[in-house]
Amino acid sequence: MGTLAAPSRIGRFAARWNRIGLSPWFVLALALAPATMILVFSECFVTQDGPAHLHNAHILRMASFDPSAFGGIYEIRPRLVPNWGGHLLALALDLSFAPETSERMLSVVTLIAFASSTLALRLSVSGRSGGAVAAVASAVAALNLTWFLGFTGFLLGCSLFAATSSLGWTIFASERPSARSSLGLAMLLVLGWFCHPVSLGLTVAMLAAIVWMRGATLRRLATLGALVAPLIPLGAAYLGLSRAGGGLAPTWEMLGDPGTLSGWKSQLGWVDPIAVAAKTQLPGSSAGSPWFALLAPSHLLAAALGIAWVGFERGERQDARRQWRRLGLALMLIGILAPDTLGADHGHYLPQRIVLIGLVVSIAGLDLSSPGRLGRARLAAVGFVAALAMQTLWVGEYARECSRVAAPMLRARSWIEPGDRLATVLADERNRFRVNPLLHVDCLLGVDSGAVVWSNYEPGHYYFPVQLRPDRSSPHPREFEDVARLVGRDERARRAQLWEDLLGRHAARIDRVISFGGDPAIERVNARFFEQQRVSSEGLVRVWSRRATFAATFHGLDSNTDGIAEHRKR
């Protein structure tokens, strides 16, 4: 890899920063400190899927020792599937902390791991010159949409992607890598398998690209083949399990008409891996304006990267940093063109994952030390700092939203009896964020209470270790999510209809209903089957319990899925 000589002005500028102790790692700590403080000390902070991961880690802990835990509804399938990494991390936290603290710690660990590994990769590829600015860019990348979504396994997989790429960049610099280094790289690849298939697939592709950049000699290709070989049987096993999710059905839900500019505008907004809210809004304000898009974190980040790429690409000789930047850009373009999902049962958010990893690769090749470019370097640095500041403000705004809507749900824990079977119906009509902190927050109610949370989405997917027993007639978690996702005012009637149909088939298997939002149509449906027990002080949360007469009338109907509907007809 070529090394660029920095001009004296840049050298003096960097030396001043170094003298006051602003190393890249110190800058990274400073950059992440405000968001971490918000996360730790806010009244409530939950990601969208994090509560479900913790609940299933708790099921793993309890059901592994006692198969009858949770009424024998769940079973543990010790198969070689991805997502074990995230669950084991959640299990360790579940053993050590209270549920809400575990959820916050899960967010802290994934945030620091992602940012640190991204910076480490950049220092490995491009050296320490400009490392402080790269640290700020790494912090922005870590505060991404998938972090707010709580994609624990994927975030750990991204961290391993960066760590594996960094080690691979060092190993393949030599024609004869040491056995110890090669073994370490192979172990990282296997660990990556147990985190997420998308990040692992891109890791293997990245290693192939590194071999190409270093020079694709026969010896290097043979080493790469030996490193990847252990993944072949794991991949074959996973493909066999994936048949449970049906055939591949690539779907572009947001693209619309690919022949129109509006279709691609919608697609670009959808695949944005950074934005957590509407770009036409500002944190702390409900007002909206197209001009506010100029301050959107993703736009500021893109502008800073553009300044860095355009400003330092011209006249620069071919070197590794240029190759990494171009490879990152290629991954982003692939992500923009990628389908949203390969099938409803095979997972979602594929474009955002690919674009995010492309961003990590781009940061690895970030160069701010070319001769005569000091002004552009400062402008790019200002862009990264502005993007970080705005994204941190959105972290605070999201924490306030969690305190408004998720905290009342969590306070309902005192109204839950051990062993209850819970059904949650959400009627929240606000959609300020691309992330819904309410969607799976009820799963935290099942931690340490032994309660069954029917909306727990993980047992409905083959790639998670916790599954519903096939011999149990249970409501499918997707039914609850289908109701929760109907948030528009014009969808109220449809939401109430779906909820009534769900209760009509499964009310006998529900001990308590937790409703949020106070939709009159939903509450009328609840009143047909349950009696209202509690209302939160905010008036947002209601807990409904099964009537004694109802329980007596339908005693033993757990094996009859049509019993409730037949009774209502009579």
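Biologist: How do the axes of H15 and H16 cross?

Modeller: Axes here are lines fitted to C-alpha atoms, for helices over the stretch in contact, with angles from 0 to 180 degrees between N-to-C directions. In this predicted model, the H15 and H16 axes come within 7 Å and cross at roughly 170°. That makes H15 roughly antiparallel to H16 (angles over 145 degrees count as such). Helices are DSSP runs of H or I, at least four residues, and strands are runs of E, at least two, numbered from the N terminus.

Biologist: Which residues in H15 and H16 meet?

Modeller: Contact means heavy atoms within 4.5 Å. Among them, Trp 324, Leu 331 and Ile 334 are on the H15 side, with Ile 354, Val 355 and Leu 359 on the H16 side.

Biologist: And Thr 341, is that buried or exposed?

Modeller: Buried means under 20% relative accessible area, exposed over 50%, partly exposed in between (1.4 Å probe, protein chains only). Thr 341, in the loop between H15 and H16, counts as buried because its relative accessibility is 2%. Beyond neighbours within four places in sequence, its contacts include Pro 250, Glu 253 and His 348.

Biologist: What order do the strands of the open sheet have?

Modeller: Strands of a sheet pair through backbone hydrogen bonds, parallel or antiparallel. Two strands pair if DSSP finds at least two bridges between them. The 5 strands here run S3-S2-S5-S7-S6, with mixed pairing. S2 and S5 are parallel, joined by 5 bridges.

Notes. Residues are numbered from 1 along each chain as its sequence is written. This is a predicted model: local features need pLDDT of at least 70, side-chain atom pairs count only at pLDDT 80 or more; totals for chains, interfaces and linings use all residues. Side-chain values use heavy atoms; hydrogens and water are left out. Angles under 35 degrees count as roughly parallel, over 145 as roughly antiparallel, 65 to 115 as roughly perpendicular and the rest as oblique.
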